[in-house]
Amino acid sequence: DIKRVDGGFRVFAKGGREDTGIEALSWLKNGVESGAGELVVNSIDTDGVKNGFDIELLQMVCDVCKVPVIASGGAGSVQHFIDLFKQVPEIDAGLAASVFHFGEIKISDLKKELKEKLSKIFVLN
């Protein structure tokens, strides 16, 4: 879990309730250098709000960490996934939960839209 604090990004623990005081980007980079093979990055600032993924944070993570990155926190519509993959083409996946659990987005509809909107940019299976 990562949150903006005083103009920077910090690692949070315990479901986003505890500020560890650790600067997030250097911590992630160190994790990759120590062998992490992928990163799941949850933005506390956008999590649960359903106004879109934290594009700024995710781009910064992809710029410093050359392993697969999974975006979490903020999905509220199909367009948010499209925006994510267009604006941060290095991102490997977008994660969501409540929009699927509560039927706000059907997975089949998301796949269809992503294929239509992104197939010219990415090779989709």
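Predicted model: local features only at pLDDT ≥ 70, side-chain atom pairs only at ≥ 80, totals over all residues.
Trainee: Which elements make up the protein, and in what pattern?

Mentor: There are 5 helices and 6 strands. Along the sequence they follow the pattern β-β-β-α-β-α-β-α-β-α-α. Among contacts with a separation of 6 or more, 56% join residues 24 or more positions apart.

Trainee: Why is glycine 48 called exposed?

Mentor: Exposed requires a relative accessible area over 50%. Glycine 48 has 63%, so the term exposed applies. Glycine 48 lies in the loop between β4 and α2. Its C-alpha is 8.2 Å from that of serine 98, although 50 residues separate the two in sequence.

Trainee: Lysine 50 is found in that loop between β4 and α2 as well. Why is lysine 50 called partly exposed?

Mentor: The relative accessible area of lysine 50 is 27%, which falls between the 20% limit for buried and the 50% limit for exposed; lysine 50 is therefore partly exposed. Its phi is near 65°, a positive value in a residue other than glycine.

Trainee: How do you know which class lysine 14 belongs to, buried or exposed?

Mentor: Its relative accessibility is 53%, and the cut-off for exposed is over 50%, so lysine 14 counts as exposed. Lysine 14 sits in the loop between β2 and β3. Phi of lysine 14 is near 55°, again a positive value in a residue other than glycine.

Trainee: What share of the protein counts as buried?

Mentor: Of the 125 residues, 35% count as buried. The protein exposes about 7,300 Å², of which carbon and sulfur atoms supply 51%.

Trainee: Which residues have the most contacts inside the largest nonpolar core?

Mentor: They are Leu39, Val41, Val61, Phe81 and Ile91, in a core of 31 residues. At least two core residues come from each of β2, α1, β4, α2, β5, α3 and α5. The largest share, 5 residues, comes from α3.

Trainee: Which residues of α3 are buried?

Mentor: The buried residues of α3 are Val78, His80, Phe81, Ile82, Leu84 and Phe85. They pack against α2, β5, β6, α4 and α5.

Trainee: Which residues does phenylalanine 81 touch, not counting those up to four places away in sequence?

Mentor: Phenylalanine 81 touches Phe53, Ala75, Gly94, Leu95, Ala96, Phe100, Ile105, Leu110 and Leu114. Contact here requires heavy atoms within 4.5 Å.

Trainee: How far apart are the mean positions of the positive and negative charges?

Mentor: The mean positions of the 15 positive and 19 negative charges are 6 Å apart.

Conventions
Residues numbered from 1 in each chain as written. Heavy atoms only, no water. Helix = DSSP H or I, 4+ residues; strand = E, 2+ residues; numbered from the N terminus. Buried < 20%, exposed > 50% of the residue type's maximum accessible area, 1.4 Å probe, protein only. Areas by Shrake-Rupley, 256 points an atom, 1.4 Å probe, with all protein chains shown as cover. Lys, Arg positive; Asp, Glu negative; His and termini not counted. Charge placed at Lys NZ, Arg CZ, Asp CG, Glu CD. Core = buried A, V, L, I, M, F, W, Y, C linked by side-chain atoms within 4.5 Å.
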